[in-house]
Structures are given as structure tokens and as C-alpha cells.
Amino acid sequence: MAAIDALQSLLAARRTRRDFAETPLSRKDVETLLACGLGASGSDRKVVPSAGALYPMRLFLVVGAVDSLQPGLHGWTAGDGLGPLLQPGDLRPALQKAALEEQPWVGRAAALVIIAADIEGANAAFQDQQPDGTRGARYAAMEAGAITQSLYLGAEALGLAGVLVGGIDDAATAGILELPSGLTPLALFACGQRIP
Ligand SMILES: Cc1cc2nc3c(=O)[nH]c(=O)nc-3n(C[C@H](O)[C@H](O)[C@H](O)COP(=O)(O)O)c2cc1C
């Protein structure tokens with residue numbers, strides 16, 4: 001199949017899927033999904049675009065049920081893959097409560113990809129582009145969108161189910177995750193095995 005045909009059928013097949021089977025995810029699939037979202041491309045680029053090639057975005061993984069991974073918050077970087085366990089324990093129930101409105105799929109997902117940004121760093125880099133100095137925050141939101149679409153397409157190609165949860169209480173979510181200094185969680189991508 002020509003590349004454009006394959007791309008168009010993947011785009012057309014992509015759906016938000018909020019129902020998950022109870023089977024755990026494989027570590028390989030979550031690593032592949034993370035690489036779809038923000039993987040390396042060549043020595044100094046990534047699979048998604050970034051304003052000024054600044055790359056202020058970071059991904060983390062909240063594990064609920066993933067083979068051979070302890071429940072909790074794991075770091076992830078494009079070059080090194082999954083990093084150390086930053087916070088042990090099942091964070092899904094608390095994150096479900098921190099979602100705006102009833103979002104039971106947050107608690108049922110086998111894993112949550114956390115999309116985070118260094119907003120201050122981005123604002124500092126682009127402060128001259130806008131009188132109030134917040135152009136970086138706008139760019140970070142655009143970059144989160146690019147990552148989201150890549151995660152959706154990755155999930156679709158892997159045959160997984162996934163949903164972007166942008167409706168989160170910012171302060172509550174940040175308080176639960178306690179991400180490394182300077183990083184703000186913007187959204188979660190909840191994913192799991194698809195119900196056959
Ligand atoms: C910025 C953004 C935020 C979203 N937030 C949520 C959310 O908090 N909870 C949810 O269940 N779906 C959320 N969605 C998914 C949308 O509801 C979904 O994309 C829409 O219904 C269209 O369906 P489709 O993705 O299958 O085309 C969000 C989507 C976007 C783009």
C-alpha cells in the first residue's frame with residue numbers, strides 16, 4: 001500500500017475509545033506508544049514538530065496494569081526510554097477524581113500517558129514574540145496537540161483503545177503527580193487493551 005493510502009486509512013480509523021478490556025498492556029506496546037508520541041527522530045529531532053526545535057514537552061507514564069512494570073509514575077525520555085519509578089502506587093483513582101466531570105475511563109485504563117510541558121521555559125524562549133510574554137504557552141498547547149494525534153494514531157496502529165483527557169483539574173492533577181520541577185501536566189492519554 002502506498003504511504004499516503006496507509007496514512008489516510010489510519011487517520012480514518014482513529015477513534016476515541018473509552019472502553020478497555022481488563023487484560024494488562026504489554027511493556028513493549030506502551031514503549032512503542034510513548035515513542036509515537038515524542039520519540040527521537042535523527043540525532044536532534046523528534047517525531048512531532050516543536051517551535052524553534054525547543055522541545056519543551058515531556059511524557060510520563062502512570063502504570064496501572066502493564067506487564068513487568070510496577071504501578072506508579074514512571075519517567076520517560078526519547079533517548080533512554082522508561083526511566084526510574086518516580087512515585088509508587090496506583091495513582092489512577094486519584095487522577096480519576098481530579099478529572100472534570102465523571103470520567104471512569106481514567107480509573108479503568110491500564111496506563112495513562114501524561115503530557116507535560118515546561119511552560120516557563122517556553123515562555124522565556126519566546127517572550128519577545130508577544131507583549132505579555134506568553135507565546136511559549138500557546139506553542140506548548142499546539143505541541144501537545146501534535147503529540148496527542150501521534151498517540152491516537154499509535155494506539156490505532158497497535159490495536160489499542162485510547163482517549164485524550166484534557167478535562168482535568170490542573171491543581172489537583174499537578175498535586176497528585178508531583179512532576180519534576182518546572183513541568184506542568186496538560187492532559188492525559190488513557191489507554192488499554194481494546195474490547196474484542
Ligand atoms: C483538546 C481535547 C480534549 C479532550 N478532552 C476529553 C476529556 O476530557 N474526556 C474525554 O472523554 N474525551 C476528551 N476528548 C476526546 C473528544 O471527546 C473526542 O475527540 C471527540 O468526541 C471526537 O471523537 P473522535 O476522537 O473519536 O473523533 C478530548 C479531545 C480533545 C481534542
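This briefing walks through aromatic pairs, ligand contacts, helices and selected loop and strand residues.

The model is predicted, with local features needing pLDDT of at least 70 and side-chain atom pairs counting only at pLDDT 80 or more, while totals for chains, interfaces and linings use all residues. Residues are numbered from 1 along each chain as its sequence is written, and side-chain values use heavy atoms, with hydrogens and water left out. Helices (H or I, at least four residues) and strands (E, at least two) are DSSP runs, numbered from the N terminus.

**Aromatic pairs**

- A pair of aromatic rings is described by the distance of the centres and the angle of the planes.
- Rings of Phe, Tyr and Trp (its six-membered ring) pair if their centres lie within 6.5 Å; planes under 30 degrees apart count as stacked, over 60 as edge-to-face and the rest as tilted.
- You will find two aromatic pairs in the structure.
- Phe-126 and Tyr-139 form an edge-to-face pair, because their planes stand at 85°, with the ring centres 4.9 Å apart.
- Phe-126 comes from the loop between helix 5 (119–125) and helix 6 (135–158), and Tyr-139 from helix 6, so this pair ties together parts that are 13 residues apart in sequence.
- Phe-126 and Tyr-139 are both buried, where buried means under 20% relative accessible area, exposed over 50%, and partly exposed in between (1.4 Å probe, protein chains only).
- Tyr-152 and Phe-189 are also edge-to-face, at 5.1 Å centre to centre and 80° between the planes.
- Since Tyr-152 belongs to helix 6 and Phe-189 to strand 8 (residues 184–193), the pair ties together parts that are 37 residues apart in sequence.
- Tyr-152 and Phe-189 are buried.

**Around the ligand**

- A residue counts as near a molecule if one of its heavy atoms lies within 4 Å of it.
- The residues around the ligand include Arg-14, Thr-16, Arg-18, Trp-105 and Tyr-152.
- Also among them are Arg-15, Gln-103 and the residues Val-163, Leu-164, Val-165, Gly-166 and Gly-167.
- Polar contacts are pairs of N or O atoms within 3.5 Å; within protein, one must be able to donate a hydrogen and the other to accept it, and residues adjacent in sequence count only if both atoms are side-chain atoms.
- Arg-14 has a polar side-chain atom 2.9 Å from a ligand oxygen atom.
- In the side chain of Thr-16, an N or O atom is 2.6 Å from an oxygen atom of the ligand.
- For Arg-18, the distance from a side-chain N or O atom to a ligand oxygen atom is 2.7 Å.
- Arg-14 also lies over the face of Tyr-152, at 4.8 Å from the ring centre; a charge sits over a ring if NZ of Lys or CZ of Arg is within 6 Å of the ring centre and within 35 degrees of the ring normal.
- Likewise, Arg-18 has its charged end over the ring of Trp-105, 5.3 Å from the centre.

- The expected span of a helix is 1.5 Å times one less than its number of residues.
- Helix 2 (residues 27–38) has twelve residues and reaches 17 Å from first C-alpha to last, close to the expected 16 Å.
- Its buried residues include Asp-29, Val-30, Leu-33, Leu-34, Gly-37 and Leu-38.
- These residues cover an arc of only 140° around the axis, so they sit on the same side of helix 2; the arc is that of the directions from the helix axis to the C-beta atoms.
- The 24 residues of helix 6 should span 34 Å, and its end C-alpha atoms are 35 Å apart, which agrees.

**Loops and a strand**

- Ser-50 lies in the loop between strand 2 (45–46) and strand 3 (57–63) and counts as buried at 13% relative accessibility.
- The Ser-50 side chain makes a polar contact with the side chain of Glu-143 (3.0 Å), and one of its polar atoms is 3.5 Å from the backbone nitrogen of Leu-54.
- Most residues other than glycine have a negative phi.
- Tyr-55 is not a glycine, yet has a positive phi of about 55°; Tyr-55 is buried at 14% relative accessibility.
- Glu-101, also not a glycine, has a positive phi of about 65°, and Glu-101 is exposed with a relative accessible area of 73%.
- Pro-84 belongs to strand 5 (residues 81–88), and its C-alpha is 5.9 Å from that of His-74, ten residues away along the chain.
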